[in-house]
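Subject: Structure handover

Hello,

Here is the structure you will be taking over.

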Amino acid sequence: MVDRLLKDDAVQEKGERARMASFIGAMAIADLVKTTLGPKGMDKILQSTGRGRNVTVTNDGATILKSLHIDNPAAKVLVDISKVQDDEVGDGTTSVVVLAGELLREAEKLVNMKIHPMTIIAGFRMAAECAHNALLLKAMDNKEDSDKFRSDLMNIAMTTLSSKILSQDKEYFADLAVDAVLRLKGSTNMESIQILKKPGGSLKDSFLDEGFILDKKIGLGQPKRIENAKILVANTAMDTDKVKIYGARVRVDSMAKVAEIEAAEKQKMREKVQKIIGHGINCFINRQLIYNFPEELFADAGILAIEHADFEGIERLGLVTGGDIASTFDNPESVKLGHCKVIEEIMIGEDRLIHFSGVQMGQACTIVLRGASEHVLDEAERSLHDALCVLSQTVNDTRVLHGGGWPEMVMAKEVDELARKTPGKKSHAIEAFSRALQAIPTIIADNAGLDSADLISQLRAEHHKEQSTAGIDVISGGVGDMKELGISESFKVKQAVLLSATEAAEMILRVDEIVTCAPRRREDMM
Amino acid sequence: MAAASAAQSRKTETYTDTKRRDDVRGVNIAAARAVADAVRTSLGPRGMDKMISSGDQAQEVIITNDGATILSRMSLLQPAARMLAELSRSQDAAAGDGTTTVVVLAGSLLRRAQTLLSAGAHPTAAADSLHRLATRAVEILHSMAIPIELSDRDSLVKSASTALNSKVVSQYSSLLSPLAVDAALSVVDPAHPEILDLRDIRVMKKLGGTVDDTELIHGLIFDKKASHSAGGPTRIENAKIAVIQFQVSPPKTDIEQSVIVSDYAQMDRILREERNYILGMVKKIKASGCNVLLIQKSILRDAVTDLSLHYLAKAKILVVKDVERDEIEFITKTLNCLPIANIEHFRQDKLGHAGLVEEVSVGDTKIVKITGIKDMGRTATMLVRGSNQLVIDEAERSLHDALCVIRCLVNKRFLIAGGGAPEIEMSMQLAAWAKELQGMESYCIKEFAEALQVIPYTLAENAGLNPITIVTELRNRHAKGEKNAGINVRKGQITNILEENVVQPLLVSTSAITLACECVRMILKIDDIVTVR
């Protein structure tokens, strides 16, 4: 008999108990986000317990999950897959968690039937592969036909947006997002799409702008509009250079000398400004403050100077105008200047902003979002971000699928057939996989307040025919033709949902022991 | 089972806190309605004011009738209630007026929504029909609107006074509204006639006198006295004004320095040098012909010293010190001059010119007034007076509302009747439209259309009239085709409200209805409150 293996506060849970704990944790997380799924999904209020008690209203699975306090290890796994899904493809963050949750729910039943977890995992693996193949077969690709491809993109964008706050103006925003993504010409670099939020107006007043907008002011007495601008982007201190050694001081013996030193400091600053002007620029943007004195010098030279730009803005500005960020000015020839056609001050709503148009990097564009309140804007930004991510992924991988529960039904059908062919206990697991897949359309229907049992059976009957395109039409509340309704989803998203959900479920199933380490002692606590 | 419950208890901290769906919605709606009820009584010309006492050390007291101010001062905790406060802030940003209306409207819509939900409507169905309703309502408002021209000063004054009528300062509306109109029109740039930037209008508050003494100043005022500790001039005609961002004081380097004095003779020399240094600066200033100096506040060293003030006074230069850096832009714009950051750059072409700069006494304090500015920029300054701080603050807020009303008219040049007329008209037309629709949508829109009647109902109630009689009569008159029949609060009856000069900008009404609908939709779609980090 070993008396103690672990420290005092460490907890060990074994076998049945451990598995139960992780199942329940994962399912609770899945249940929490379940109601946000689909076009009639609901929103959640996230109330922060921190300072300010900020309130966020959202429908985005990844946002909800990443802000939760979570103690259960299995639940953490689900949050992680949602995060990865967000980073990789941007959308389907809720679906992946819900699917993993449903898989575990089915697995729990099987475990209670005394089927060994490893058998279940084997079955799940076979089923996932079969489902993946089914998806590959059914995916459509309109890469060659650019018109059709654009309409595919539009459909995908609208499907993504329809579950979000932008659903009412989804056509407008889908158009916006598709335009922005097509400008990128295949790159998935989201950096060059800037999303600017300005409260006021309504969502319909949002627009896509070519070029770049900086939320800053132009210095006093400087030109408000510059054509053919040569831009120097810098990160440098514009006050007098200081010796960085503590305690450095000069000793003088008369007031005139002090005045001389002051004049010398001024002169140094003036030289620095002259050097900057020597680059042959007419626009100078600094990340740090530009003080009154250099500002006046710039104004005298007719140079537009912008101070205190935020770091993100500076980097993006360097990127889009094709200039380097400089911090020394001794070698004018080695510094790459940025260029743009016109810099001017524009007004959006109440605020004056600086607009750079005709920038070197043609892909760059800005989406200006307008909306009633900060809540609306934040949520709109999240939704638009999802749509942009999905679209840029689709541009690279042009395969598309129908939406509205269609892919799940197709996969379920194939998996069911596989179950029938497979002998042994594994077939139970494969069947269970098919049931979990069908849970997704069921939840979409439930969220819309429809009779899910009836709808799913209709849908299954419909899918028994070859080449069916039936899915759930939430708007009319029945089974509809997804092809006609133009509800599409990106193949890549679905594939990622399927694979990572299965993997996560498998991982949680394998667990048979949870060891909670003893918390680190803190002396000052209590 | 024990295992399950053990896991349950330590699953997530949030799980125990999570309320279930219908409960959450009910709680949200109840909280939001409570907020709406709190401001309801301040709606309309006979609306009441609220006294808000801040809970912190200062125990500051505000008396106001401005919905946005009330809500922003209430320390709300419930998320849905905070959304209503934000709603009012959005209306303030979008239109500047109607901040109470929008909240009352949202409260009423939520009440109807609750009825719909208990009747079994799906929240998204209600939310979607609300969206259609908003679009339709805006169309109806547009059809009622009357176009105006900016040259039509009377109409502008009329709408400004409608905004002022519900405020404490309503008895001065005949004075304040023309002032607001003049101020606003004087800053509209002919090159961009559709933009009115309210930051170009400065409102300065001064205790003393009554609201009657409020005036619009064609020029600039400083809420500080000219420094005349050394007997400098306080009145200068044909002023040449310099705005300087450097300091007239002994030199100071950025690097730490120390002057070493070894005997008394050196001390004398240093003092003399200091004097010469300052004298040199003052001479340069004087040489440019400048006779008024506005000095920016400096945190690093003294902007002026007694010595430099003395020399400046000798040179007959009027000095205003401690001008804030963020005011510099407004000042230079008004004076049409450039700020000067270095004594070497002190040139005549950077100066501004004005007919008269003088120090005047207002109440028991003194201010500096600059008038007769040559080539004055498009800015305006208003001096608000009042017998106590509360009145002044409220007058300022009211003036802000009036200016916003004019800004709305500049943006969107349409007027619409006030007095509850547009709301009743919308309600009736939408109800008629609902009959053409089918299914749940028709049902929802019918309910929400009735919700709009809360505005005339509350107006009548606050005015001490019988709301039911008034609203039914109003409906009757509108059914007969009198689109502009509204509640005349002064007479306590229904009249053609346009004839009473009660008008408001279209933008206020449209933004109120769209914002209220958007907010209610958002609240309806929430089914969970999750506590997070």
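The notes below cover a sheet, a surface patch and a single residue.

This is a predicted model, in which local features need pLDDT of at least 70 and side-chain atom pairs count only at pLDDT 80 or more, while totals for chains, interfaces and linings use all residues. Residues are numbered from 1 along each chain as its sequence is written, chains are lettered from A and ligands numbered from 1 in the order in which they are written, and side-chain values use heavy atoms, without hydrogens and water.

Sheet. An open, mixed sheet has 3 strands in the order S3(A)-S2(A)-S19(B) (strands are DSSP runs of E, at least two residues, numbered from the N terminus; two strands pair if DSSP finds at least two bridges between them). Its edge strands, pairing on one side only, are S3 (55–58) of chain A and S19 (526–532) of chain B. Strand S2 (residues 43–48) of chain A runs parallel to S19(B), and 6 bridges join them. Lys44(A) has Asp528(B) as its bridge partner in S19(B).

Residue. Met190(A) is partly exposed, at 22% relative accessible area (partly exposed lies between buried, under 20%, and exposed, over 50%, with a 1.4 Å probe and protein chains only). Beyond its neighbours within four places in sequence, Met190(A) is in contact with Leu388(A), Cys389(A) and Ser392(A) (contact means heavy atoms within 4.5 Å). Met190(A) and Asp175(A) are 15 residues apart in sequence and 17 Å apart in space, C-alpha to C-alpha.

Patch. Val261(B), also partly exposed, has 37% relative accessibility. Val261(B), Tyr264(B), Met267(B) and Leu271(B) form a nonpolar surface patch with about 410 Å² of accessible area together (patches take residues with over 30% relative accessible area and no salt bridge, joining like charges within 9 Å and nonpolar side chains, Val, Leu, Ile, Met, Phe, Trp and Tyr, within 5 Å; areas come from the Shrake-Rupley method with a 1.4 Å probe, and for residues only the protein chains shown count as cover; a salt bridge is a side-chain nitrogen of Lys or Arg within 4 Å of a carboxyl oxygen of Asp or Glu).

Regards

Conventions: Helices (H or I, at least four residues) and strands (E, at least two) are DSSP runs, numbered from the N terminus.
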